[in-house]
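Me: Hi! I have a structure open and would like to talk it through with you. Shall we start?

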Amino acid sequence: MCRRVRVDGLLLLALGLSLFALGPLLQPGYFWGAHDARHHVYFLFEWDRSVQEGILWPRWSPDFCFGYGYPFFNIYGPLATMIGEAFHLLGADYVTAVKMVFALAILAGACTMYGFARRLWGPRAGFLASVAYTYAPYHILDVYVRAALPETLSLAFLPLVLWGFYEAVARPRLGAVLWAGAAYAGLMLTSNAIALMFTPVLALYLAALVLHRVLRDQPPRAWSRESALPLAGNLLHVGGPPLLGLLVGLGLSAIFWLPAAAEFRYVRTDQWYAGRYDYRDDFVYPFQLLGPYWGFGTSVAGPDDEVSFQMGAVPAVLGTVALAAGARQRRRGFGHALFFAAVAAGSAFLMTWASAPLWEALSPVRFAQFPWRYQTLLAPALSLLAGSLLAPPEPASAPAQREPGLAAALFLGLLVLLGSYPYLQAQVVDEPKEGPVSLAALMRFQQWSDEMTGATIWTKEIPRWSPMADLHVAGQPVTTLVDYAAIPPGGVLGVHSLEMSSIHEKVWVYAADDRQEVIFYRFYYPGWHAYILDEHTEEVLTEVPIHTVGPEGRMAVRVPQGRHILLLRFEDTPVRRAGKALSAATVLAVLLLGAARLLLRRGGAR
Amino acid sequence: MEAHLRMDANWLLVLLLAGFALAPLTYPGFVQAWQGFAPAYALQDLRAGLPLGFWGVAWPPHAGAEGPLPYLLSAAWMALGASPVAAVRWTWAVGLLLGALGAYAWLRERWGPMPALLGAVAYTYTPYHLNALYARGVAGEALALGLLPWLGWAAARPGWKGLLALALGLGALVLTVPGLAFLAAWPLAALVALQGRGRGRGWAWGMLLLGALAGAGSAWTLAHAGETVPFHALLAVREPLANPWTLGLIPVAAWFGGGAAWLAPAMEPQRREVGLWLGTSVLGALAAALWPGGLLPSWTPLSLTAWAVPPLVGVAAAAWPSLTRPEVAAGALALMVLAAQPTLKPPFTRLDPGPAPLAVWQEPGGGRLALLQQEVGRDAEGTLHLDLTWQAWGRVQGDYTLFVHLVGEDGRILAQDDAQPQGGKRLTSGWRSGEIVPDARTLPLSQGVSGPLRLAVGWYLPQTGERLPLVRASLPAEPDHRVWLHVP
């Protein structure tokens, strides 16, 4: 059977209009000065280093914190970096690959927002919501000021998740369930922080959808003792598919979130939540939310931030009028508009000082890290609300009401673009001050910025430099992480590194007694194991415990007397294995269900 | 027509859409507008029982500037616990909201809810309106522009209630910006005369008489020649602080909309009224450009241009109902807010102005240099470090030199520093009115200096050595135009 592909003109137009948003990405150079611009290039650099060693799902980043290493991808959503790696393997350099992911995220966001709003209110609303989303000031800020790659990509997933779960309620079928699950998994793998912030909104949306459907089928006035069982059955029938979708999503992404949730407590979080990251310094003042400020600086304590937190005048006005018009006239899907208005208002509230008691009392609210990050929920909610302005009237409404025309959609779309046009700039430079992408540049960047210096909880004092950094800067390879300076004099301990990779090192060891220990320039984290191997056959004889030494929390291994080979290796913990198994099982189940559905369809067609 | 304010959802919409205009007032500080901290100081003078005249907010004998009402209102906010700058901000907010709601009330009964919404939002975002707050920083006009639409509303009321409302409104305007009340009485009188048909000739003649009196008052205020607003400034697109007189897109669009409505056959019955507002608007702009002000600032007639915006926008929307379709109206409203964006990001300051400036010097042209804060410290080597915070009020024409004298117990000058601000980088003629300008000085002390030391500062013109007159000081002052700083 050959299905004809329909070209959606308004989607093409929305994508065409989003070219202005891509403009700065098409320039040569890169916005190196943007907040996290370097980070994402080096995240990809680190991921690629592991992939080149044959590690397909890296969890340990060996060059963080001057080469002491950090379990970065164990706790940080890797999907954006994985997509960047795909571009890199196809031939793009690190910087170009990161820029391509940004571009892809912008285009994908335009598409998913178009699709969801179109599903709710028709193509014109889809077009307007899509343009409003692409040009939401926070969206632009995320790309060109913050250079927040996973957050930008997660903005593409948010409408997709809502759309998938909406389908799972509105037209429950296997495809919708899998779609919802895959989208949710994509979001979780992209940014766990955004997923955690977004999940309560999703839960409320689903609750509203399910209740609306159930109450429509069985209005409260028709409830009786006899109707309780059918009501419960209907509730299960309507609520089951989205719940299943959520389980599929959690199952698919378990490879990441299960270890992240279990092992997050082993990294130092004071670096991310205290000091200059204290959320109390980052509440947004109303004038910042509504005012036309823009800047390339950072958020500072008080009202004089050098960066913009505006919601965007045009989408805000369109959304406000849409709400009023929807309340006055009977428009299709007004309940959705009301819900997104509530999300927008709630998100705006959580950004301001007025919500400080909630931030203090409710730890889930603090998943956002910074109050202004609730713009991530405000931007899609406001874009959808703005799009609802072009929702067609209910079929049963007064005949005088006409459906908003195409011209209105185009006019409003251009107006949205006009409103954000002055902000479509990036501070592009050809080369960063630390030099071209390399290990040496990474070390220099870490040194002057004090960024990418995450540590584990065994680290009491975060290093400011390291012998590995010295070697990298000198252009020499790091061939061992053994601290030879710690070997006691007198020939009681002999150590010779045989081989090493980003997640292991094998050293030949001679110990005169049982009190000798080998110290490595590596932070400890669960998953690191030390084994004693036979000197000749390299068979594992025993596992020896690792302890930490010094204020840096470096790994040290006490070796038994004699000649051995000591193997230090980063492995999967039980929870990581469980996560992998759960994801694999979910993938298998999804594939089997998909195949079964295909077979059933074919059988039915015959 | 029934005379009461009918409630509908658009009232809320008017308030919500005014949010962008109000947003800068939520900054926890003050704007660095032309008037600087003068409104906050005038407010504190009022509370202290001092006359307002020093700040140019003179109530009798001058009729051209500001009356006491905005300051009395601000004093009420202070009585409720607001700081002086917050009280001024709240009064500005009241002015903005009054204007938006007044315009809606006025137009709603005349042209219906959607034209009224468009007119009210257009009025809120008219550049002259916003610039009164965020570029010029005037308390009087900010409140007066809130009162004007209510005068339009009152003029449309029949019977004694309307008369009473109009009298109260005019009275409030007289107590806010007396000169503007004289000017506003003209179109009001004409409006009542136009609408007074069937209500009795006495009412109309009474209003015409009021108009004639107002005209005489206007002529009197304009008789004192001053500078006009440059004609090109009305149309120029520049930074609001550099040109707060620009008409902007909204009034010009209102002219086109109102003009088209005037020509539209469907609006034939309203043609005189539309003509009145078109004429008021255009004449207001021309008056600002052509008639030299005096006691009345030359730009005050631009208030009339702003005042005419709501009826012109409203009549245009009423003439073409397709403009009131939600998606079209939303676009128009978004355009209005968008057009006003440059005026909605004024420079702020978090400086605490204190109850009064420490000292104010004034040049013959009227420009003033106000010392707002001073800090004196001494380091281990005995060097004195002096941090002074200045604000210019009005345009300062000369490039003055600041002298700092360290005076010993016996009155001898032990050390001194004479220099233009910031080592000559910020000449006083380049200070924008209202701008906060910090200036740091150091005075090395020679060894052996002991006993109580005193620091005196003042300004002089380097070409002549003539000192700038000191016109007000809360620090100890000398007749030779020096003030003594606090030295710890």
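Me: Which residue forms a salt bridge with Glu327(B)?
Reply: Arg331(A) forms that salt bridge with Glu327(B), and their closest N and O atoms are 4.0 Å apart. A salt bridge here is a side-chain nitrogen of Lys or Arg within 4 Å of a carboxyl oxygen of Asp or Glu.

Me: What should I know about the model and the numbering?
Reply: This is a predicted model, where local features need pLDDT of at least 70 and side-chain atom pairs count only at pLDDT 80 or more, while totals for chains, interfaces and linings use all residues. Residues are numbered from 1 along each chain as its sequence is written, chains are lettered from A and ligands numbered from 1 in the order in which they are written, and side-chain values use heavy atoms, with hydrogens and water left out.

Me: Back to the interface, then. How many salt bridges does the rule find between chain B and chain A?
Reply: The rule finds 1 salt bridge across that interface. There are also 3 residue pairs in polar contact between chain B and chain A, both residues being at pLDDT 80 or more. A polar contact is a pair of N or O atoms within 3.5 Å; within protein, one must be able to donate a hydrogen and the other to accept it, and residues adjacent in sequence count only if both atoms are side-chain atoms.

Me: Which element gives the most residues to the side of chain B that touches chain A?
Reply: H17(B) gives the most, with 9 residues. Helices (H or I, at least four residues) and strands (E, at least two) are DSSP runs, numbered from the N terminus.

Me: How much area is buried between chain B and chain A?
Reply: About 2,500 Å², and carbon and sulfur atoms give 74% of it. In chain B, Phe20(B), Glu327(B) and Leu338(B) lose the most area to chain A, together 22% of what that side buries. Buried area is the accessible area (1.4 Å probe) that two parts lose on being put together, summed over both.

Me: Changing topic: how many aromatic pairs are there over all chains?
Reply: There are 66. In one of them, Phe43(A) and Phe72(A) are tilted, at 4.2 Å centre to centre with 35° between the planes. Rings of Phe, Tyr and Trp (its six-membered ring) pair if their centres lie within 6.5 Å; planes under 30 degrees apart count as stacked, over 60 as edge-to-face and the rest as tilted.

Me: Which parts does that pair tie together?
Reply: Phe43(A) is in helix H3 (residues 37-52) of chain A and Phe72(A) in helix H5 (residues 72-75) of chain A, so the pair joins parts that are 29 residues apart in sequence. Phe72(A) also pairs with Phe64(A): the centres are 4.9 Å apart and the planes at 25°, so that pair is stacked.

Me: Are Phe64(A) and Phe72(A) buried or exposed?
Reply: Both are buried. Buried means under 20% relative accessible area, exposed over 50%, partly exposed in between (1.4 Å probe, protein chains only). Phe43(A) counts as buried too, at 5% relative accessibility.

Me: Where is Phe66(A) found?
Reply: Phe66(A) is in helix H4 (residues 64-67) of chain A. Its phi is near 60°, a positive value in a residue other than glycine, and Phe66(A) is buried with a relative accessible area of 2%.

Me: And what about Asp450(A), buried or partly exposed?
Reply: Asp450(A) is partly exposed, at 36% relative accessibility. Asp450(A) lies in the loop between helix H22 (439-449) and helix H23 (467-473) of chain A.
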